[in-house]
Amino acid sequence: MSYIDGFVVAVPTANKEEYKAYAKYCINIFKQEYSAISCTECWGSDVPDGEVTSFPMAVQAKADETIVFSWITWPSKEIRDQGMQKCMDDPRFDPATAPMPFDGKRMIYGGFEVLVDE
C-alpha cells in the first residue's frame, strides 16, 4: 500500500511563481531520484480562518500569505523513509544554500498510511 507525506505552508502571495518553480524543481528530484510516485501542490483559494483551528492558524499565516497544501505519494513507507533521508542529506535542499520561497519553520508535515483510496 502506498504512503503519503503531507505538507501545509504559508507562502507569500507575491512569491507564487517563485514557489511554483521551486515546487517543480523539487518534484523532479523526488520523482526521478527518490522514487516518489507523484507530487501534488495546491495553491489555496478558499481557506477560511478558524476560531479554534484552521490551516492559516496552524502555520501562523500572515495577511499577505497564501496557504499551500501538498502531498507526495510513495510506493511504500520504506521507500519514503529512504527518499526522505536522501532529501535530508542532499545539499540541493539545504536552506542555507538553497533558500525556500517560504518560511520553512512554519511548515507542518507528517507521514500517513493510506486508509481508503477509491
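Biologist: Where is Ser35 in this model?

Modeller: The model is a predicted one. Ser35 sits in the loop that runs between α1 (16–32) and β2.

Biologist: How should I read the phi of Ser35?

Modeller: Start from the general rule: most residues other than glycine have a negative phi. Ser35 is not a glycine, yet its phi is positive, at about 75°.

Biologist: What is the phi of Gln60, and where is Gln60 found?

Modeller: Gln60 has a positive phi of about 50°, and it is not a glycine. Its place is the loop between α2 and β3 (65–74). With a relative accessible area of 57%, Gln60 is exposed.

Biologist: Why is Thr73 classed as buried?

Modeller: The relative accessible area of Thr73 is 13%, so it is buried. Thr73 lies in strand β3.

Biologist: Which residues does Thr73 touch?

Modeller: Leaving out residues up to four places away in sequence, Thr73 touches Ser2, Tyr3 and Ile4, as well as Ala36, Ile37 and Ser38.

Biologist: Which residues form the nonpolar patch on the surface?

Modeller: A residue needs over 30% relative accessible area to join a patch. The patch here consists of Val47, Phe55 and Phe69, which together have about 240 Å² of accessible area. Val47 counts as partly exposed because its relative accessibility is 32%. Val47 belongs to the loop between β2 (38–43) and α2 (55–58).

Notes
Residues numbered from 1 in each chain as written. Predicted model: local features only at pLDDT ≥ 70, side-chain atom pairs only at ≥ 80, totals over all residues. Heavy atoms only, no water. Patch = residues over 30% accessible without salt bridge, like charges linked within 9 Å, V, L, I, M, F, W, Y side chains within 5 Å. Areas by Shrake-Rupley, 256 points an atom, 1.4 Å probe, with all protein chains shown as cover. Salt bridge = Lys/Arg side-chain N within 4 Å of Asp/Glu carboxyl O. Helix = DSSP H or I, 4+ residues; strand = E, 2+ residues; numbered from the N terminus. Buried < 20%, exposed > 50% of the residue type's maximum accessible area, 1.4 Å probe, protein only. Contact = heavy atoms within 4.5 Å.
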